[in-house]
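Please look at the sequence and the model first.

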Amino acid sequence: MLTDRFGRSIEYLRLSVTDRCDLRCNYCLPKGFKGFEEPANWLTFDEIERVVAAFARLGTRRLRLTGGEPLLRRNLPELAARLSALPGLDDLSLTSNATQLARHAQALRAAGVSRVNVSLDSLRRDCVHDITGSDSLPRVMEGLMAAKDAGFSPIKINMVAMKDVNDADIGAMVAFCIQHGFVLRLIEAMPMGDTGRAASYLDLQPVLRQLQTEFDLVEQAATLGGGPARYWKTRDGGFSLGLITPISQHFCATCNRVRLSVDGTLYMCLGQEESFELRPLLRAGISDAELEAAIRTAIELKPERHEFSEKPQKLVRFMSMTGG
């Protein structure tokens, strides 16, 4: 098993297949941003498969495809099929903004993707337009229903909750998720880059107390995946709510994941700068044993915790550069 110097088992890899996105969420990418990675520097499908296979041999069991918007990477279902066939991987999932999902849902499900997280911050068309810079809500809804029809389970809605932006929409989102059998995950905005720091931070602890009272929620033991969310459910089990609270109640002591960016850089923490470049080693022709050794070396760089609260100005890279 991969274990870092603080005794945490690293069994979850988040793989960014592109840093590009067709939306411009104002907490993620600035308007007019053009600093994307050159395609020549993207890991190829063969290189991605080599790295993921090495992680799997080292005990990583969960893999999530992310971006940017991962469905902008051409032939993504082909890559998903190759990765889902690797020995040792138990869980292949996808995070998407769902604008392209209607076209790809069936192919992704057939390729072995079992779970989908969809980023959706409001059910109000004007609010979504303000946040994403695009009238994207109809396409997102079409993608969500296509994912439901394709049999993905669970389908989770990732809602970045922001004060005086969409906090008044949380109740409507709960009702929507109950209606469709979706899991709702509320996420605190993180101060990543200037865009993240400009987001209107909302402490989710008071929100949780209000929802517990309104919907009679009880704490849920099941994690519903390998991520950092803590879950509550209605007493009949018909609805689950997850909270991701990197600021108000961080979860660094149990962090089990690292991120691989589209250019082959391993990032050990969203809130720190420690990284390790695999692409030069891959293109220099290292052996599988050397690749595994490089991954172990990289994991040793993983810091104990982020410093979002203490040093909110520290991180200059945007979320899309790291991978979601």
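C28 counts as buried because its relative accessibility is 18%, where buried means under 20% relative accessible area, exposed over 50% and partly exposed in between (1.4 Å probe, protein chains only). The model is predicted: local features need pLDDT of at least 70, side-chain atom pairs count only at pLDDT 80 or more, and totals for chains, interfaces and linings use all residues. Residues are numbered from 1 along each chain as its sequence is written, and side-chain values use heavy atoms, without hydrogens and water.

C28 sits in the loop between β1 and α1. C21 lies in the loop between β1 (12–16) and α1 too. Helices (H or I, at least four residues) and strands (E, at least two) are DSSP runs, numbered from the N terminus. An unreviewed UniProt entry annotates C21, C25 and C28 as "binding site". Such annotations may be inferred rather than shown by experiment. Beyond neighbours within four places in sequence, C21 contacts G68, E69, L72 and N97; contact means heavy atoms within 4.5 Å.

The unreviewed UniProt entry also gives "binding site" for C252, C255 and C269. These are spread over 18 residues of sequence, yet they cluster in space, with a largest C-alpha distance of 9.3 Å. Two of them compare as follows.

Helix α1 (residues 45–57) has 13 residues, so at 1.5 Å a residue it should span 18 Å; its end C-alpha atoms are 18 Å apart, which agrees. Its buried residues include F45, I48, V52 and F55. G59 follows α1, with a positive phi near 110°.

Conventions:
Expected span 1.5 Å × (residues − 1).
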